[in-house]
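Biologist: I'm new to this one. Could you take me through how the strands pair up?

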Amino acid sequence: MTSTQAHAPRPDAPLVTLIRPPGAETFRVGTSTLVPPLGLAYIAGTVEAAGYRVQVIDALSSGPTTHTRYFQGYLVGLPLAEVAARVAPEARCVGITCMFTHEWPMVVQLIRLIRERRPELPIVVGGEHVTAMPEFSLATSQADVLVLGEGEETARALFDALLQGGSLADVAGIAYRRDGAIVVNPRRNRSTALEAIPRPAWRHFDLEAYHRHRFIGGVYSTYLTVPMLATRGCPYQCTYCSSPNMWTTKWVPRDPRDVADEIEGYVRDYGARNFPFYDLTAVIKKEWIVAFCKEIIGRGLRISWQMASGTRSEAIDGEVAHLLKQSGMINMAYAPESGSEQTRQYIKKRMHSDRLYASIAAAAEADLSVAAYLVVGFPHDGRQEMRETIAFLAEIARRGVNDLGSGYYMALPGTQLFRTLYENGKVVIDREYFRHILNGLAIYPAATYSDHFGRPELFYWRLRFIAAFYGSRLRVLGARKVLAAFFESVGSGSHHSKLQTALRVSLKNGLATLRLALSGSRWISPEEEAAMFAPWDAIYRQIRRQRLGSGVDETPPLDSRELHRRNYVDVLRPDHGTARTLALQGVADAPGA
């Protein structure tokens with residue numbers, strides 16, 4: 001199957017409408033989070049392969065210059081009412097993607113608008129947020145069904161059931177409504193035959209619009225960009241990460257030749273030349289990454305590719321680094337998250353400084369552009385951990401890391417840390433909770449979950465981190481090279497580092513945020529917003545009590561430093577493997593539900 005091979009459903013086949021809602025942005029320093037929707041493109045390909053017709057409504061690429069005020073940031077894309085109006089009259093089902101928790105309030109409103117126009121239409125939502133909070137997501141919206149975890153096989157079985165009269169009770173990996181209650185089915189086993197999954201149906205998406213407006217992840221390229229996924233899952237259990245809940249800890253790589261075939265198809269069919277990889281942990285096995293690089297080199301593909309999401313360091317030595325460079329790698333990122341070995345132990349980040357230093361040295365010697373990601377304000381971090389991080393940042397800058405990406409700790413649902421913080425009363429599911437996730441990369445923190453620092457102190461330490469890293473880079477490179485990179489960031493040519501792209505993105509986002517704060521239209525009125533959020537924490541607390549009572553959840557350690565002693569897979573097993581029904585009180589009266 002080629003990358004653009006079209007399935008040809010019958011003209012009278014049922015039509016499924018798939019929606020990518022507007023993207024949410026705010027003033028922050030980082031590369032763009034507005035990117036082509038890889039997950040939805042995979043679902044579109046799967047739905048077509050199942051014999052259904054597909055309509056895609058991509059609000060972002062259809063309205064790339066339309067901004068609507070959203071919390072302290074803004075939405076980019078078609079107004080929600082227009083998205084709802086574009087659902088085809090003959091549509092038999094609607095599927096909406098919701099990857100990020102800060103998008104959920106907006107998705108709740110979009111669902112309400114669709115429901116007003118088409119009360120009979122089944123509405124399905126999938127993505128990382130609803131997987132982390134399935135009962136809450138159904139209780140606070142008018143969605144009918146949620147797809148939990150890896151989506152392709154579940155979506156196919158679900159649409160067959162909805163459109164051909166099957167039973168939802170027989171579909172693994174979903175949550176749905178039945179007789180006023182919420183039903184959660186056991187999860188579906190992860191797919192291991194990745195080559196059998198239909199390729200993303202990019203013909204339904206305006207990739208040129210994404211390129212024109214620089215809505216791509218990683219560093220900017222003048223060449224057309226298509227996102228890629230070469231592996232699925234991650235074998236680790238970092239306490240701040242929702243991957244174990246979303247994907248389990250099964251890491252499954254594709255055949256390197258199949259990945260190269262897909263890239264070659266995009267070069268041929270679209271003229272694409274830049275490929276950000278969104279794998280959670282792409283480089284684990286040396287033999288896999290070596291084989292992939294040799295496929296790209298052997299085919300003579302003149303491309304650039306990036307590891308936009310960060311990777312592990314263990315498999316990157318001198319041989320691998322030079323193959324990465326030779327195959328067209330232009331940017332990669334490590335994600336140590338902290339410079340403190342103690343913190344990395346507490347958060348289950350199995351990465352040691354000495355091995356990381358060796359990998360950085362190999363990458364620098366091969367002339368790769370390398371970034372590092374850092375989280376500011378883990379709950380247990382004190383002054384000692386902060387001082388260790390400052391020394392660590394100066395050291396990795398000296399050894400060859402080019403860019404630093406930093407953001408404040410966010411209490412993401414579906415993570416071990418979230419459970420402990422909620423149990424401690426430090427998380428309240430209200431407007432400020434969703435706002436703090438949208439602003440996780442903002443310059444000043446929107447919230448703090450630290451046992452030691454308030455928001456002003458977290459801001460102070462972040463400035464110290466930035467000064468330590470870029471001060472060290474300045475001493476290594478000299479002022480001329482640093483200033484040249486800064487001014488190049490405002491130009492139109494391809495960038496070579498994340499800093500160049502981040503500076504341009506932050507300038508654009510800052511101006512848009514300021515303009516909308518002064519005179520922008522809102523996504524909903526302040527009164528509607530207050531009414532929406534008012535019952536949400538009570539709803540979540542009711543769900544939490546029922547989950548604890550049924551044995552689906554267990555009470556976590558109250559000390560976040562103890563989480564590394566617990567196997568999160570064992571904690572999640574009852575949740576993923578248990579069929580359950582919850583009858584909630586007062587949910588029907590909640591706005592949006």
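Modeller: Here is a walk through the strand pairing.

This is a predicted model, where local features need pLDDT of at least 70, side-chain atom pairs count only at pLDDT 80 or more, and totals for chains, interfaces and linings use all residues. Residues are numbered from 1 along each chain as its sequence is written, and side-chain values use heavy atoms, with hydrogens and water left out.

Strands here are DSSP runs of E, at least two residues, numbered from the N terminus, and two of them pair if DSSP finds at least two bridges between them. In general, the strands of a sheet pair through backbone hydrogen bonds, either parallel or antiparallel.

Let's start with S5, residues 73-76: three bridges join this strand to S2, residues 23-25, and the two run antiparallel. Within that pairing, Glu-25 has Tyr-74 of S5 as its bridge partner. S5 also pairs with S4, residues 67-70, again in the antiparallel sense, over four bridges.

Now for the open sheet: five strands, in the order S13-S14-S15-S16-S17, with parallel pairing. S13 (274-277) and S17 (403-408) stand at the edges with a single partner strand each, so one side of each has no neighbour in the sheet. From one strand to the next, the twist averages 15 degrees (axes are lines fitted to C-alpha atoms, and angles run from 0 to 180 degrees between N-to-C directions). Inside this order, S15 (residues 329-337) and S16 (residues 370-376) run parallel, joined by four bridges; Ala-333 has Ala-371 in S16 as its bridge partner.
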